[in-house]
Protein chains: 2
Amino acid sequence: MKVFKSLCLFLALTASSELFSQEPDSVLISRIYREALTNTWSYNVLKQLCKEAPHRLAGSEGSLKAVHLMYQKLLPVADTVYLQEVTAKRWLRGKKEEIEIIADGKRRKIPGLALGGSIGTGDKGIRAQVIEVQGIEELAKIGREKIQGKIVFFNLAMDPMDMSPGRQYGKAGSQRFNGAEKAAYYGACGTLVRSLSNSLSEYPHTGIMRYVDSIPKIPAVAISTIEAENLSKQLKENPRVEVSMKTWCSVPPNEKSYNVIAEIRGSERPEEIITVGGHIDSWDVGEGAHDDGAGCMHSMEVLRIIKTLGIKTKRTIRVVLFMDEEMYQVGGQRYAQWVKERNEKIYAAIESDSGGAMPVGFGCSASDKQFAGFLDIKPLFEPYGVKLFRNGGGGTDIRFLGELHVPLMNLIPEPQRYFEFHHSANDTFEKISFRELQLGCATMAAMVVMLDLKDSFN
Amino acid sequence: MKVFKSLCLFLALTASSELFSQEPDSVLISRIYREALTNTWSYNVLKQLCKEAPHRLAGSEGSLKAVHLMYQKLLPVADTVYLQEVTAKRWLRGKKEEIEIIADGKRRKIPGLALGGSIGTGDKGIRAQVIEVQGIEELAKIGREKIQGKIVFFNLAMDPMDMSPGRQYGKAGSQRFNGAEKAAYYGACGTLVRSLSNSLSEYPHTGIMRYVDSIPKIPAVAISTIEAENLSKQLKENPRVEVSMKTWCSVPPNEKSYNVIAEIRGSERPEEIITVGGHIDSWDVGEGAHDDGAGCMHSMEVLRIIKTLGIKTKRTIRVVLFMDEEMYQVGGQRYAQWVKERNEKIYAAIESDSGGAMPVGFGCSASDKQFAGFLDIKPLFEPYGVKLFRNGGGGTDIRFLGELHVPLMNLIPEPQRYFEFHHSANDTFEKISFRELQLGCATMAAMVVMLDLKDSFN
């Protein structure tokens, strides 16, 4: 009996892959963290993605380069890698924007970025007086008479006192998304939008906007938070300040594009799938390092770590690098449709699209019973500083799976500095912390492995 | 009565400075945070410090520029600003280090940084075989015979599995601080030291080292963690690898230097002083943005915010920008000695010297009763994400006040990425987050005001 016990102990200690299920969970997690925290793969792949394939708006040259680069990187760490075709609706910024503040016969150039989806003014440009509003709600109060023929300047700031920058973004976001449509309804000829950033910086931040067919389309341009403050001050002193805007945006023909998908097949229930992903596209400025190169790495490392440690997951682990999160989410929609067509069972879907900072938790939208399963594994993560297990989770790309009753989750990084990078030329590889990226990868891998091992969502 | 109540409400709502004590604490704190989170002063001052006065090793030109620049910046936000003279012992790196790995007749240059205090080799340099050890403890086991005449390569890594990088640093730190002395004891002719960083990066990280008089002095150079990994691998394949080191360090004559001190006088107990500070010196590479420009800003903003909001603190608030934290702490020692000579009562001393990331808490070393007072104000900070109120605090510069039984505290920022910057050319202004810096300033100001208002340490 004693010999048998010793043998068991020996087998438990020699880490052959089949024996992982006999390991205490905390030991398995520490092995996952150690592998992530001593490896440079994700950092180096992210560097290549950022430097060789920046400006990855769906359908662009950068986005195609990224697809092929990530496909190559995934081959050695997955059982299967494939491209899932999607049709990318395109939008092109064209020549650099020319924005000028004109007052008392003086012209001052300021940096600006057309919003994604905006029409261009062409060489003719527009020039008009400016009326400042704090969000779209004010337009109705001000009324058509004062707005007609002017450029509406949306200057609602993200509330610095809100410690949730994501919530700040949500609250101030409508002026970017719907501002042009609402301003045009009252007769405006263009809009300037204060960048959605909780920093006072010189970078303009772009992002998607929408028109509606029944209302004339007017151009929309983001200016930096510092220039928004300046313009607001200037308007208080001189309401007759004018702005001249020239933008050269266009809508080229659709292009073929792709989600990049990679899988490691499950050993017991391969028909059950855990989907983990980020988006491979990015804005056409910056390098998409935090948004969402980091999320792609968090996801890809799950496979590399499982492969390297020889972990046999019960379920199939599938990484999806979604195309076109930033504009129309054709990748997310195509993936959900495909899952539905094949009648696949997605056991869980986890998205990382909030940057590469220190991971602090996960959000989870699931049934009460499933959420309890999620809470059960929380103690395993606490030693690594991952303590926030929040009710409510998901993401822009995986939300289309929601109607299939898939539990939706997202990785939550420390959020305070994310909106200094988001959608701007400031989102570069140099702003990524090696250690924080590694911690994010470790945390995502540990979550995927634990959900599977513990059958958390049964 | 109703009129009186309305008047009280009116008075409480109109924010005249004398009325702050009638404000709920949470309102006062939110006013402090709002002031910090909507202001660019600290960010702009830090930019100037980093760009106009980088390389601020005590006694250097950069350090003197910094003293005069910060003096000027403090004038408008304090009642009194003065310079406290200290004698800076100097150390000069001199010409850029030349480090080469020599194997099989091939030479490969790698970046290196002489450790602070190291002797130089001069043009002659040294060239010898290398013996790798994991920390100073291994030297005794290996013994003189194998060490004699060689370059000892200290390759103990900061433990990536330790979620406290400060603790990692402490554990691996002795090989940098005492390595040369210990290696020389066994007859080594020089040391290479793996940089104290928990990132695998190409930056070497310097830092102070010490000799003892009874043992020959040998040169000590830090190499990057990546090159340390490379060298270790190479030595396993070929133990006859040699290293050639040339360094041109020297010790110039002492220079006059200064602590920069600024005060706002207390309104009720001006003889009681809350000291808050960081260190104005930095290493001679990089810009000292996180180490410790950020800590200087956290401290200076306390005065700016108190002044701007017209808060009347009971006690005198004194900012000290300490000279020479990095080498010999002459500033910290001089300050404590001066406090002692004047028989001053320091009510509390708070240091910030752990970088400019998101503030997550404070450490505090005080009597049990005082620590209970510290815990009492914790709930006020929790809405701002500042939740870690830890027993045990202080800092390198304020520790000299400890013998005067002063409660010692320190601001704790999120620590994971700090050692990517620390003591390296990577510690630049561009690595500072505006939002996180503002949050640090807000948190420090709120702490100082609350300790005073609540008489936490009585």
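**Reading a two-chain predicted model**

Tutor: Start with His423(B), which lies in the loop between strand 16 (408-413) and helix 15 (434-453) of chain B. Helices (H or I, at least four residues) and strands (E, at least two) are DSSP runs, numbered from the N terminus. This is a predicted model, in which local features need pLDDT of at least 70 and side-chain atom pairs count only at pLDDT 80 or more, while totals for chains, interfaces and linings use all residues. Residues are numbered from 1 along each chain as its sequence is written, and chains are lettered from A and ligands numbered from 1 in the order in which they are written.

Student: What is the phi of His423(B)?

Tutor: Most residues other than glycine have a negative phi, and most peptide bonds are trans. His423(B) has a positive phi, near 65°.

Student: Is His423(B) buried or exposed?

Tutor: A residue is buried if 20 or more other C-beta atoms, placed from the backbone, lie within 10 Å of its own, exposed if 12 or fewer, and partly exposed in between. His423(B) has 29 such atoms within 10 Å and is buried. Compare Asn343(B), also not a glycine, with a positive phi of about 55°. Asn343(B) sits in the loop between helix 12 (330-341) and strand 13 (345-351) of chain B, and it is exposed, with 8 C-beta neighbours inside 10 Å.

Student: Where is a cis peptide bond in chain A?

Tutor: The cis bond joins Asp291(A) and Asp292(A), with omega about 5°. Asp292(A) belongs to helix 11 (residues 289-309) of chain A. In chain B, Asp291(B) and Asp292(B) are likewise joined by a cis bond, with omega about 5°.

Student: Which way do the residues of strand 16 of chain B point?

Tutor: In a regular strand the side chains alternate between the two faces of the sheet. Here Leu408(B), Asn410(B) and Ile412(B) point one way, and Met409(B), Leu411(B) and Pro413(B) the other way. Six of the six residues of strand 16 of chain B are buried.

Student: In what order do the strands of the open sheet in chain B run?

Tutor: Two strands pair if DSSP finds at least two bridges between them. The order of the eight strands is 1-10-12-11-13-16-14-15, with mixed pairing. Strand 1 (80-88) and strand 15 (388-391) of chain B are at the edges with a single partner strand each, so one side of each has no neighbour in the sheet. Angles run from 0 to 180 degrees between N-to-C directions, and axes are lines fitted to C-alpha atoms, for helices over the stretch in contact. With direction ignored, neighbouring strands of this sheet are turned by 25° against each other on average.

Student: In which sense do strand 13 and strand 16 of chain B pair?

Tutor: Strand 13 and strand 16 of chain B are parallel, over three bridges, with Glu351(B) the bridge partner of Asn410(B). Strand 14 (residues 359-365) of chain B pairs with strand 16 of chain B in the antiparallel sense over six bridges, and there Gly363(B) stands opposite Asn410(B).

Student: How many residues does each chain give to the contact?

Tutor: Chain A gives 26 residues and chain B gives 26 residues. Helix 2 (25-37) and helix 15 (434-453) of chain A each supply at least two residues of the side that touches chain B. Of the interface residues of chain A, 100% are also interface residues in chain B, so the copies meet through the same surface.

Student: What rotation superposes chain A on chain B?

Tutor: Copies are superposed by least squares on the C-alpha atoms of residues with pLDDT of at least 70 in both. The rotation is 180° with 0.0 Å of shift along its axis (RMSD 0.0 Å). The two copies are therefore related as by a two-fold rotation axis. Of the residues of chain A, Lys431(A) comes closest to that axis, at 3.5 Å (C-alpha).

Student: Where does pLDDT stay under 50 in chain A?

Tutor: pLDDT is the predictor's confidence in each residue, from 0 to 100. It stays under 50 over residues 1-19 of chain A, for which the model has eight contacts beyond four places in sequence. Where pLDDT is low, the predicted coordinates should not be read in detail. Chain A averages a pLDDT of 95, and 95% of its residues score at least 70. The model scores ipTM 0.93 and pTM 0.94.

Methods:
Two residues are in contact if their C-beta atoms, placed from the backbone, lie within 7 Å.
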